[in-house]
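Trainee: I would like to learn how to read a model like this one. Where do we begin?

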Amino acid sequence: MSVKERFLRYIQIETTSLPDKSTCPSTPGQMDLANLLASELKEMGAHEVRVSDTGTVYAVIPAKGGLQDRMGLIAHMDTSDAVPGVTRPRCIPDYQGGPVILDEGIVLDDEALLSNLVGQELIVTDGHSVLGADDKAGVAEIMEMASRLLAPDAPDHCRVCVAFTPDEEIGSGVDHFDVNGFGAEYAYTVDGGALGELEYENFNAASCKVCIRGLSFHPGDSKNRMVNACLIAGKFMSLLPEAETPEHTEGYEGFFHLCGIRGDVESTNMEYLIRDHNRERFEARKKRMEQTAEYLNQVYGPGTVTLSIKDSYYNMEEKIRPHMDMIERARKAFEAHQISTVTLPVRGGTDGARLSYEGLPCPNLSTGGYNFHSRKEVITVQALESMTDVLVTLTTLPDMKA
Ligand SMILES: [Zn+2]
């Protein structure tokens, strides 16, 4: 089987993950894919193949030739519920440039992107679903790498621990991850975009619930008596920096994101997301929310505004910094295949960020795909092949401890 065939096989299993489900994995299709991957891994001769009862696939490819490192590779099996997940892929061999009509009114026409793909074989959707390259491209690339490392003519390589996780898109990908059982000293997620992406910085993240208590009277009879929670909510918003929102920020700029508001005179609730790459600025943002609440309580009376702030995840950078040889190792693997690396701060979180804080340093590598979470998602067969080559090379480099 080729990496292209693997990819086309995996994306045709619907694995959309859904929030607010009590089961893990959140949807049964993910378990179907997990079982398929486990049976393929067994057939290839991988060791210690198992599917946990929460739907994570684990397997081990034993070392060959005396290398001592124990490296992990991780991809997620689910796809985003932002777009339907039943995929009917279309291959366009020897793409000649120009817009690609996916369906009536749905055209892939990003010239800057497409001009780089001329001469390659595109894999696109029929305009009605995600393609699922996020992250089944990562799954297919790791599976193809595994089959090459388990073949009789495999190059010498380190021990490779493989895991495929469910429910990454709903933030639960590593809730049940067995870091000790996995058996790796360090790992990479294969869940990025364009070939050569190498990421080890992400946001520090918290969520903040703001509850505002008001006091209602008949509006005709309210002078100096009514306390309108909706208006205090507006005041709260106006006290935060106007330009520090998602739609005004990029790169290393953090933000306050008002993602929901619901209320009436007596009670108004707001939900904020707080994000910043820098830990001190992140803490300062949380402090600012608290100070804003304190100020409004001075104006409107104690207990008017209450806050609850919960940290969600942290920037993995501080956990990767002591292991920068991992980043060098990945860079060498890309460069061995004439792919230059691009390191950008992720404006979100990754499963690797959480694993890094659980003792498994875990930066993120590209898959080669574009336009994730969109009906315009696209990847090329050449990117799938190149990334597989990079992963194979990654396992053959000298031990980091040496
Ligand atoms: Zn992903």
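## Reading the fold

Mentor: Begin with its origin. This is a predicted model. Then take the overall make-up: the protein chain holds 11 helices and 16 strands.

Trainee: What share of the residues counts as buried?

Mentor: Of the 402 residues, 45%. Look at contact range as well. Among contacts with a separation of 6 or more, 76% join residues 24 or more positions apart.

Trainee: How is the protein chain divided into domains?

Mentor: Domain 1 covers 3-201 + 315-396, and domain 2 covers 204-313. Their centres, over C-alpha atoms, are separated by 38 Å. Six residues of domain 1 are in contact with seven residues of domain 2. On the domain 1 side, the touching residues are two nonpolar, two polar and two charged.

Trainee: Now the sheets. In what order do the seven strands of the open sheet run?

Mentor: The general idea: in a regular strand the side chains alternate between the two faces of the sheet. Here the order is β1-β2-β8-β3-β9-β15-β10, with mixed pairing. The edge strands are β1 (47-51) and β10 (198-199), and each pairs on one side only.

Trainee: How do I follow the pairing from β1 to β2 and on to β8?

Mentor: Step by step. β1 and β2 pair antiparallel over three bridges. His-47 has Val-60 of β2 as its bridge partner. The hairpin of β1 and β2 has five residues between the strands, and Gly-55 takes a positive phi near 90 degrees there. β2 then pairs with strand β8 (residues 159-165), again antiparallel, over five bridges. In that pair, Ala-59 is bridged to Val-162 of β8.

Trainee: Why is strand β2 described as largely enclosed?

Mentor: Count its buried residues. Four of the five residues of β2 (residues 57-61) are buried, so the rest of the structure largely encloses this strand.

Trainee: And the other end of that sheet?

Mentor: Two bridges join β10 to strand β15 (residues 364-366), and the two run antiparallel. Leu-198 has Leu-365 of β15 as its bridge partner.

Trainee: What is the strand order of the three-stranded sheet?

Mentor: It is β4-β7-β16, an open sheet with antiparallel pairing. β4 (90-92) and β16 (379-380) are its edge strands. β7 and β16 are joined by two bridges, and Ile-123 has Ile-379 of β16 as its bridge partner.

Trainee: Is Val-124 buried or exposed?

Mentor: Count the C-beta atoms around it. Val-124 has 22 others within 10 Å, so it is buried. This residue sits in strand β7 (residues 122-124). Not counting residues up to four places away in sequence, Val-124 touches Arg-90, Ile-92, Val-100, Leu-102, Leu-108, Leu-131 and Val-378.

Trainee: Last, backbone geometry. Where are cis peptide bonds found?

Mentor: Check omega. The bond from Cys-24 to Pro-25 is cis, with omega near 0 degrees. Pro-25 is in the loop between α1 (3-11) and α2 (28-44). Asp-134 and Asp-135 are also joined by a cis bond, with omega about 10 degrees. Asp-135 lies in helix α4.

Trainee: What about positive phi outside glycine?

Mentor: Asp-20 has a phi of about 65 degrees and lies in the loop between α1 and α2. Asp-20 is exposed, with 6 other C-beta atoms within 10 Å. Asp-167 has phi near 60 degrees and lies in the loop between β8 and α5 (179-182). Asp-167 is buried, with 29 other C-beta atoms within 10 Å.

Note on methods. Residues numbered from 1 in each chain as written. Predicted model: local features only at pLDDT ≥ 70, side-chain atom pairs only at ≥ 80, totals over all residues. Buried ≥ 20, exposed ≤ 12 C-beta atoms within 10 Å, placed from the backbone. Contact = placed C-beta atoms within 7 Å. Domains from an automatic or database assignment. Nonpolar A, V, L, I, M, F, W, Y, C, P; charged D, E, K, R; others polar. Pairing = 2+ DSSP bridges.
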